Amino acid sequence: MSVDTSAPATTSDTALRVADLTIAYQRKPVLWDVDLVVPAGVVAGIVGPNGAGKSTLIKAVLDLVPHASGLVEVFGKPYRKQRSLVGYVPQRESVDWDYPISALELVEMGLYRKIGWLKPVTRAYRSQALAALEEVGMADFANRQISRLSGGQQQRIFLARALVQDASVYFMDEPFAGVDAATEKAIMAILLRLRQRQKTVFVVHHDLETVREYFDYLIMLNMRVVAAGAVADVFTSDNLRRTYGGRLTLLDRAVDAIGGIRQ
Amino acid sequence: MIWTPLDTWIVAAAAIAGAACALSGSFLVLRKMSMMGDAISHAVLPGIAVAFILTASRASGALFIGAALVGILTAVLVQIIRQYGRVDHGASMGVVFTVLFAIGLILIEQAAGQVDIHPEHVLFGSVELVPLYTIRVLGANLPRGVVVVTIALVANLVVFAALFKEFRLATFDPELATTLGVNAKLMHYLLMTLVAITTVASFEVVGSILVVAMLVVPGATAHLLTRRLLPFLTVAVVVAIAAAVLGHLAAIGIPPLFGFEDTSTAGSMAVVLGGLFFVAFLFAPEHGVVAKAFARIGLRVSILTQDVLGLLARVTEGTASTSTPRTTTDTLREYRRSPFRRRRSGLQLGLTLLRLRGLVRRRDGRYALTGAGRDAAAGILRTHRLWERFFFDEAGVDLSELHHAADYLEHYTDADLQGALSEELLRPATDPRGRRIPE
């Protein structure tokens with residue numbers, strides 16, 4: 001069955017549905033029974049304390065960590081069938097920046113699926129990648145080896161790679177971490193543009209002060225979904241307390257107890 | 001030293017094996033899994049032994065198939081033990097490959113009586129014997145060992161040329177690769193298969209222990225020298241070939257000079273590889289020890305000369321402008337904020353360097369800035385005083401602390417930053433003490 005990539009948002013207005021998702025490392029649960037239904041076209045923040053499972057949620061949705069149980073659907077079909085609709089921006093620290101590759105070559109990676117196996121990157125694709133670099137203000141650095149870029153510039157070429165992918169749903173793991181003010185503005189502009197193009201974007205985020213400014217949808221996470229919905233509805237002091245308040249919640253203790261028994 | 005056609009075949013076998021190992025090994029290095037090469041090269045031994053015992057021949061395709069299977073098995077076992085055995089990757093590899101290697105050794109020891117295979121040849125290779133066993137290929141009698149490593153090299157070239165971008169993606173970021181439809185696990189096992197095949201093909205040449213050097217060292221050397229993948233692979237292959245040629249030359253050329261017999265080509269090849277890596281380690285243009293030392297010295301020289309220029313400008317500032325102000329080294333050293341009170345030689349060195357660059361001239365033991373020197377010094381004073389202004393106005397730093405902070409930053413401030421600083425401060429005319437900020 002072929003997937004209509006041109007107008008997926010119109011086939012269903014639910015971009016992401018997660019049901020009963022539980023993730024465990026070494027049998028110790030990291031995410032507990034996550035249920036989410038997120039509408040298409042929102043820029044959604046994912047917030048929560050360290051160890052809340054924010055990155056794990058993204059990786060679970062992208063099928064990069066094994067699920068203990070649960071279901072992930074993108075636009076009404078299992079993720080595995082919808083891979084081409086989903087873009088991923090990993091944490092900046094997750095890769096080796098000494099890898100012998102230029103900024104342009106990194107951006108071209110976003111096109112590999114379109115190019116297809118065994119085929120080289122042709123000039124037409126290269127100019128697409130260059131256009132994406134232009135869009136994030138990095139065209140001047142196209143031929144620079146990636147370790148010779150600043151942290152903010154590295155983040156921007158990651159985003160350029162996501163842009164050329166032309167996905168419908170994006171998952172970004174802490175794009176705002178450790179970037180300069182100029183890059184923060186550039187990322188904001190990209191998020192706005194993605195929203196205008198009817199994309200759905202999930203952003204793991206740390207800075208609570210900018211939540212209202214950046215996002216229209218919010219997922220508050222602490223090993224389970226504490227609250228999810230429009231920012232105006234769920235970004236309340238009550239929910240914040242339930243998300244961040246007291247690291248040693250009852251759930252933590254339960255988890256420690258489970259870990260203790262199983263060990 | 002006498003060079004015979006035998007030597008040519010030996011070098012050819014070593015160079016081709018080296019090139020094949022350099023290719024698959026480069027991706028191991030890039031994937032930060034160099035020791036997986038170590039593990040697989042040892043673990044394939046039982047595959048070799050079984051294939052050999054079954055077919056009683058060293059040239060069979062069964063050897064490759066057996067090796068490839070055990071190679072994949074190794075990778076799978078390492079993965080499983082790490083995942084469920086609660087040990088790290090290194091320990092998991094250590095468990096798997098030593099056990100498999102030992103099984104292989106036992107099998108070979110047992111088989112050695114009946115068939116023509118010897119543990120020492122498996123461990124250390126026997127490249128010197130390569131020209132002795134020939135097979136007919138396309139109507140020509142070629143050494144079997146050379147044919148075998150050529151097959152491995154071609155396999156590497158074909159796979160990496162066809163899947164160049166897929167391997168680039170999967171070794172750069174396996175998780176991203178998976179989300180982009182390039183299954184990282186599949187690529188991992190494909191690479192492991194290639195490593196296994198290449199290793200087995202190279203056994204006769206270098207043996208299972210030194211093959212690790214051929215897998216890892218060319219890639220490690222290339223990493224120091226290149227910034228793109230294609231040059232990286234090219235350099236790795238060139239390094240491997242150079243090591244084969246130089247290694248064999250050294251093996252047959254050097255010991256006789258001291259009255260000894262020729263030594264092992266495989267051994268001296270590995271030593272030469274180490275030597276080439278060390279040369280790159282020292283002299284690589286960007287990451288090398290020497291380049292880094294030069295960069296450090298360059299920075300110190302630039303700080304020193306900037307300090308001297310700034311000092312000259314301050315000492316002579318405000319003196320009569322009709323004649324060129326001149327000053328002695330004593331005056332310079334005794335100036336209130338002079339950084340050279342206890343560094344007479346530093347001051348002398350700085351003045352000498354500046355004279356060489358035409359920024360300072362000396363007459364009768366007195367020093368003066370030249371026209372170009374005045375411009376350069378004005379730039380330094382400007383940066384210094386802008387920073388003082390900045391710290392005073394924007395950060396509320398105490399007057400007595402200003403000099404120190406500005407003194408440090410002035411050496412790292414380029415024209416762009418200086419311009420931005422001036423704009424930010426709305427182009428001030430004076431520093432916090434009321435001294436003029438030069439244009």
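1. Helix axes are lines fitted to C-alpha atoms over the stretch in contact, and angles run from 0 to 180 degrees between N-to-C directions. Helices (H or I, at least four residues) and strands (E, at least two) are DSSP runs, numbered from the N terminus. The model is predicted: local features need pLDDT of at least 70, side-chain atom pairs count only at pLDDT 80 or more, and totals for chains, interfaces and linings use all residues. Residues are numbered from 1 along each chain as its sequence is written, chains are lettered from A and ligands numbered from 1 in the order in which they are written, and side-chain values use heavy atoms, with hydrogens and water left out.

2. Chain A contains 12 helices and 10 strands. Of its 263 residues, 52% count as buried (under 20% relative accessible area, with a 1.4 Å probe and protein chains only). Among contacts (heavy atoms within 4.5 Å) in chain A between residues at least 6 apart in sequence, 69% join residues at least 24 apart.

3. Two strands pair if DSSP finds at least two bridges between them.

4. Strand β7 (residues 169–173) of chain A is largely enclosed by the rest of the structure, because 5 of its 5 residues are buried. On one side of β7(A) lie V169(A), F171(A) and D173(A), and on the other Y170(A) and M172(A), all of them buried. β7(A) runs parallel to strand β6 (residues 86–89) of chain A, joined by 4 bridges, and V89(A) stands opposite M172(A). β7(A) also pairs in the parallel sense with strand β8 (residues 200–204) of chain A over 5 bridges; here M172(A) stands opposite V203(A).

5. Elsewhere in the sheet, strand β3 (residues 43–47) of chain A pairs in the parallel sense with strand β9 (residues 217–221) of chain A over 4 bridges, and G45(A) stands opposite L218(A) in β9(A).

6. The axes of α7(A) and helix α8 (residues 181–196) of chain A come within 10 Å and cross at roughly 15 degrees. The two helices α7(A) and α8(A) are therefore roughly parallel to each other (angles under 35 degrees). Residues in this contact include L159(A) and L163(A) of α7(A) and I187(A), I190(A) and L194(A) of α8(A). By class, the contact of α7(A) with α8(A) has 6 nonpolar, 4 polar and 1 charged residues. Ala, Val, Leu, Ile, Met, Phe, Trp, Tyr, Cys and Pro count as nonpolar, Asp, Glu, Lys and Arg as charged, and the others, Gly among them, as polar.

7. In chain B, helices α10 (residues 184–225) and α12 (residues 265–283) pack at an angle of about 15 degrees, with their axes 9 Å apart. α10(B) and α12(B) are therefore roughly parallel to each other. Their contact has 18 nonpolar, 3 polar and no charged residues.

8. Strands β1 (residues 134–137) and β2 (residues 140–143) of chain B pair in the antiparallel sense over 4 bridges, with I135(B) opposite L142(B). β1(B) and β2(B) form a hairpin with 2 residues between them, and L138(B) in the turn has a positive phi of about 50 degrees.

Key:
Angles under 35 degrees count as roughly parallel, over 145 as roughly antiparallel, 65 to 115 as roughly perpendicular and the rest as oblique. Buried means under 20% relative accessible area, exposed over 50%, partly exposed in between (1.4 Å probe, protein chains only).
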